[in-house]
Protein chains: 2
Amino acid sequence: MVERLVGLNPSGAPLYKEVKRKIIESIRNGEWKPGEVIPSEKKLCERFAVSMGTIRKAVDDLSGEGFLIRHQGRGTFVATHNQDRYLFTFFHVVRQDGHKEYPKVELMEFSKVKADPVAMSMLHLDPGSRLFRFVNKLELGRNPVVVDEILLPEQLFSRLTERTLRERSATLYQLYQEGFGVTVVRTQERVRAVSADALRARLLGVKVGDPLLQVIRIAFSFKDQPVELRYSYVLTHTYEYCSDSMAAS
Amino acid sequence: MVERLVGLNPSGAPLYKEVKRKIIESIRNGEWKPGEVIPSEKKLCERFAVSMGTIRKAVDDLSGEGFLIRHQGRGTFVATHNQDRYLFTFFHVVRQDGHKEYPKVELMEFSKVKADPVAMSMLHLDPGSRLFRFVNKLELGRNPVVVDEILLPEQLFSRLTERTLRERSATLYQLYQEGFGVTVVRTQERVRAVSADALRARLLGVKVGDPLLQVIRIAFSFKDQPVELRYSYVLTHTYEYCSDSMAAS
DNA sequence: CAGTGGTCTAGACCACGTC
DNA sequence: ACGTGGTCTAGACCACTGG
């Protein structure tokens with residue numbers, strides 16, 4: 001006679017979803033840190049008292065969702081943003097021939113501002129919340145191509161300084177993760193065509209009124225918590241914004 | 001003593017990949033048609049002489065890739081394009097408040113042309129190949145918002161006529177599938193900001209020189225075969241181009 | 001009710017990475 | 001050699017759908 005019946009557990013949710021929840025919890029509370037290896041699948045079986053198949057289903061899912069990375073023969077690791085594969089997951093600007101390169105970033109402005117109604121709504125902030133606001137100029141192939149205006153909730157990034165941004169060696173999302181424990185797992189972008197204003201025209205070296213791509217990005221962490229609002233202005237003479245779609249389940 | 005050892009089969013590929021290949025083959029050769037149910041998982045076990053777990057892995061994959069759709073209690077179906085979920089998989093224009101609506105389409109031009117070098121390269125065509133070329137105007141909320149220029153290889157769509165396009169009741173990709181056996185499973189899009197030329201300005205009701213979004217799309221069928229080249233021009237005053245990204249495995 | 005997909009078990013052997 | 005994830009088996013029971 002078996003002890004626990006299969007199907008649904010007492011909590012009402014499938015076992016593998018319970019396991020997923022517990023694994024994410026262990027990542028969030030710091031038991032397993034980004035870049036570190038988590039226990040082997042066999043040990044997870046014992047820890048959660050489920051079978052291999054259930055562990056595999058949970059880890060498969062989390063791997064597909066970007067929280068974990070499997071390496072055959074080595075182990076399963078908590079995802080970090082300092083892997084090559086992340087460089088272009090959220091950076092969608094490529095040269096017209098498809099060539100991808102990493103931009104040279106220059107910090108142009110840095111300040112603390114009060115959240116306007118739009119930012120408040122997009123970032124789910126309370127009235128009166130304050131934001132860090134900074135502007136980056138990105139060069140590709142020695143030419144300015146993108147101007148980013150980035151807004152971060154002060155609450156999540158309280159120790160952020162201009163110097164931190166200027167002296168960072170890694171990508172911005174790597175900094176969010178390693179410096180502030182904020183892991184970006186998903187972004188939503190809206191793209192529009194606009195005319196260059198004086199500031200953007202000057203920074204990108206084009207005429208006022210020339211067409212620019214405006215990308216409005218919200219970056220989400222675990223549980224769909226919005227953590228960054230970004231306005232990007234892209235010069236698309238020689239570079240393009242790139243987006244793929246798959247018929248998915 | 002077991003008969004077949006687990007791990008790799010004689011062909012060198014994992015069993016579940018062999019099963020995936022055979023299922024896709026049965027879809028391609030018409031044994032199972034779009035919208036129809038395929039045999040139950042138990043029957044597939046017998047047919048391919050593998051266990052449930054292997055069948056599930058194969059069907060899971062194909063479901064995730066958009067070839068199959070599972071319905072608990074009913075069966076597994078070959079994907080079609082006449083499901084709601086497809087309407088906005090490849091149509092990325094939404095109102096600024098996030099509202100999605102289906103566009104009213106009007107055919108503006110229809111002709112047969114010789115493929116230019118760009119189209120030849122993008123669609124992997126031989127020199128001298130011919131294309132159907134047509135222009136659609138799309139209205140959203142009673143205002144023109146998108147102008148599409150669409151190029152299709154004559155070879156794949158030989159029976160296409162202006163009347164077919166004008167009288168279609170379904171989406172374009174539904175027509176490709178039901179009328180020509182061409183199933184779009186993936187698209188690649190490049191987005192740029194351009195100035196409206198005379199034709200586009202007139203169709204969209206804006207001034208020449210106003211900024212427009214230009215979307216260059218290649219649509220792929222099975223095995224990454226390119227089947228459509230499309231240039232979209234989008235007016236982004238009240239509508240936006242929408243694109244999501246996930247950190248994926 | 002019977003049949004479907006959804007979840008789960010308790011193992012097995014294989015291929016890969018490290019030592 | 002050893003431990004990891006990758007693949008696979010031969011079932012089981014559960015939840016849903018339809019007649």
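**Close-up views of a predicted two-chain model**

View 1. Helices (H or I, at least four residues) and strands (E, at least two) are DSSP runs, numbered from the N terminus. This is a predicted model, in which local features need pLDDT of at least 70 and side-chain atom pairs count only at pLDDT 80 or more, while totals for chains, interfaces and linings use all residues. Residues are numbered from 1 along each chain as its sequence is written, chains are lettered from A and ligands numbered from 1 in the order in which they are written, and side-chain values use heavy atoms, with hydrogens and water left out. Helix α7(A) spans residues 172–180 and is mostly covered, with seven of its nine residues buried. Buried means under 20% relative accessible area, exposed over 50%, and partly exposed in between (1.4 Å probe, protein chains only). The buried residues are A:Leu172, A:Tyr173, A:Gln174, A:Leu175, A:Tyr176, A:Gln177 and A:Phe180. Just after the helix, A:Gly181 has a positive phi of about 65°.

**View 2. Strand β8 of chain A and its partners in both chains.** Eight of the ten residues of β8(A) are buried, so the strand is largely enclosed by the rest of the structure. Within chain A, β8(A) runs antiparallel to β9(A), joined by ten bridges; two strands pair if DSSP finds at least two bridges between them. A:Ala193 has A:Leu213 in β9(A) as its bridge partner. Six bridges also join β8(A) to strand β11 (residues 239–246) of chain B, again in the antiparallel sense. In that pairing A:Arg186 stands opposite B:Met246.

**View 3. The contact between chain A and chain B.** Chain A is superposed on chain B by a rotation of 180° with 0.0 Å of shift along its axis (RMSD 0.1 Å). The two copies are thus related as by a two-fold rotation axis. The superposition is by least squares on the C-alpha atoms of residues with pLDDT of at least 70 in both copies. The same surface serves both copies, as 100% of the contact residues of chain A recur in chain B. Each side is represented in the contact, with 40 residues from chain A and 40 residues from chain B. Between them the chains bury about 3,300 Å², 47% of it on carbon and sulfur atoms; buried area is the accessible area (1.4 Å probe) that two parts lose on being put together, summed over both. A:Arg190, A:Ser245 and A:Ala247 supply 19% of the area that chain A buries against chain B, more than any other three residues.

**View 4. The three-stranded sheet of chain B.** The strands form an open, antiparallel sheet in the order β1-β3-β2. β1 (37–38) and β2 (68–71) of chain B stand at the edges with a single partner strand each, so one side of each is left without a neighbour in the sheet. Four bridges join β2(B) to β3 (residues 75–78) of chain B, with B:Ile69 paired to B:Phe77. Helix α3 (residues 52–64) of chain B lies across β2 and β3 of chain B, at about 115° to β2(B). Axes are lines fitted to C-alpha atoms, for helices over the stretch in contact, and angles run from 0 to 180 degrees between N-to-C directions.

Technical notes: Contact = heavy atoms within 4.5 Å.
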